[in-house]
Amino acid sequence: MKPTIKDIAAQAGVSIATVSRVLSNKRGTYSEKTKEKILKVAKELGYHKNTTAVDLVKKKS
């Protein structure tokens, strides 16, 4: 099963919203340390964005 942002959030000890903001490069109330931790966990789990889902949300296909 592919890792999700929920998996990353659980392992990094942060909220799903924070993971989403970091992975989307959006500004938020997270520190550089938190960002690095999330990116490290995402890499360890082998997380890749689902481009089809992103396109559906943006209404582009």
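Predicted model: local features only at pLDDT ≥ 70, side-chain atom pairs only at ≥ 80, totals over all residues.
Colleague: Which helix supplies the largest share of the lining of the largest pocket?
Modeller: That pocket holds about 540 Å³ of space. Of the 17 residues lining the pocket, the closest to its centre are Ile-5, Tyr-47, Lys-49, Asn-50 and Val-54. H2 and helix H4 (51-57) each supply at least two lining residues. The largest share, 3 residues, comes from H4.

Colleague: Are H2 and H3 roughly parallel or roughly perpendicular to each other?
Modeller: Good one to check in the viewer! Helix H2 (residues 16-23) and helix H3 (residues 32-45) pack with their axes 10 Å apart, at an angle of about 85 degrees. Angles of 65 to 115 degrees count as roughly perpendicular. H2 and H3 are therefore roughly perpendicular.

Colleague: How many nonpolar residues does the contact of H2 with H3 have?
Modeller: On the H2 side are Thr-18, Val-19, Val-22 and Leu-23, which meet Thr-34, Lys-35, Ile-38, Leu-39 and Ala-42 in H3. By class, this contact has 1 charged residue, 2 polar and, to finish, 6 nonpolar.

Colleague: What percentage of the residues in the protein chain is buried?
Modeller: The C-alpha atoms fill a box of roughly 35 × 30 × 15 Å along the principal axes. Buried means under 20% relative accessible area. Of the 61 residues in the protein chain, the buried ones make up 18%.

Technical notes: Residues numbered from 1 in each chain as written. Heavy atoms only, no water. Axes fitted to C-alpha atoms, helices over the stretch in contact; angles between N-to-C directions. Helix = DSSP H or I, 4+ residues; strand = E, 2+ residues; numbered from the N terminus. Parallel < 35°, antiparallel > 145°, perpendicular 65-115°, else oblique. Contact = heavy atoms within 4.5 Å. Nonpolar A, V, L, I, M, F, W, Y, C, P; charged D, E, K, R; others polar. 1 Å grid on protein atoms, 1.4 Å probe; cavity = no way out; pocket = protein on both sides within 12 Å on 5 of 7 lines; lining within 4 Å. Points joined across faces, edges and corners; volume = space filled by probe spheres on them. Buried < 20%, exposed > 50% of the residue type's maximum accessible area, 1.4 Å probe, protein only.
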